[in-house]
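Hi,

Here is the structure I promised to pass on. Have a look at it first, and then read my notes below.

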Amino acid sequence: MSLLILATSSCVLDIFVACIVKIVISWFFLESNEEQILRKDLINTKKEMNSISIVDEFSKYAKLQRKYIKLQAIAKQQINARSTSKFKLELFLTYGAWIINERSCSYISYRLSLAP
């Protein structure tokens, strides 16, 4: 009976480990306050750019455009860094769980082969 429970739990864990890891990692990699402020600055700068006439106030518009491009580059850099580290941790945890599961199954089958 215990072998049935172990085998069933191993199979269920093997199937759902990727989903569980994604859910857990999404809690750890939420958007930081700095990124939220940066996003608000991007939105406000874009609104301000849209409210200014390019022809009438070109210098002000160009200044805002440079600021917007700079903020956008910083935001992309932060998002790429967060997503890269999230992806690496997700791979490590997923494959680590699968390896541990496979090793435990191998150990159980080895121990059962020794029993008469």
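**What I found**

Glu-102 is partly exposed, with 39% relative accessible area (buried means under 20%, exposed over 50%, and partly exposed in between, using a 1.4 Å probe and protein chains only). Its salt-bridge partner is Arg-103, at 3.8 Å from N to O; a salt bridge here is a side-chain nitrogen of Lys or Arg within 4 Å of a carboxyl oxygen of Asp or Glu. Arg-103 counts as exposed, at 56% relative accessibility.

Before going further, some ground rules: this is a predicted model, where local features need pLDDT of at least 70 and side-chain atom pairs count only at pLDDT 80 or more, while totals for chains, interfaces and linings use all residues. Residues are numbered from 1 along each chain as its sequence is written, and side-chain values use heavy atoms, with hydrogens and water left out.

**The other salt bridges**

The whole structure has three salt bridges. One of them joins Arg-82 and Glu-35, 2.3 Å from N to O. Arg-82 lies in helix α3 and Glu-35 in helix α2, so this pair ties together parts 47 residues apart in sequence (helices are DSSP runs of H or I with at least four residues, numbered from the N terminus). Arg-82 is partly exposed at 24%, whereas Glu-35 is buried at 11%. Arg-39 also forms a salt bridge, with Glu-31, and their closest N and O atoms are 2.3 Å apart.

**How the helices meet**

Helix α1 (residues 2-28) packs with helix α3 (residues 58-114) at an angle of about 175°, their axes 9 Å apart. Axes are lines fitted to C-alpha atoms, for helices over the stretch in contact, and angles run from 0 to 180 degrees between N-to-C directions. The two helices are therefore roughly antiparallel, the word for angles over 145 degrees.

Ser-10 of α1 is buried, at 11% relative accessibility. Beyond its neighbours within four places in sequence, Ser-10 is in contact with Asn-101 and Cys-105, where contact means heavy atoms within 4.5 Å.

Which charged side chain is buried yet has no salt bridge? That is Glu-90, whose nearest side chain of opposite charge, Lys-22, is 4.3 Å away. Lys and Arg count as positive and Asp and Glu as negative, with His and the chain ends not counted.

Over in helix α2 (residues 33-51) sits Leu-38, buried at 9% relative accessibility. Leu-38 touches Leu-71, Ile-74, Ala-75 and Gln-78, leaving out residues up to four places away in sequence.

Cheers

Note on methods
Parallel < 35°, antiparallel > 145°, perpendicular 65-115°, else oblique.
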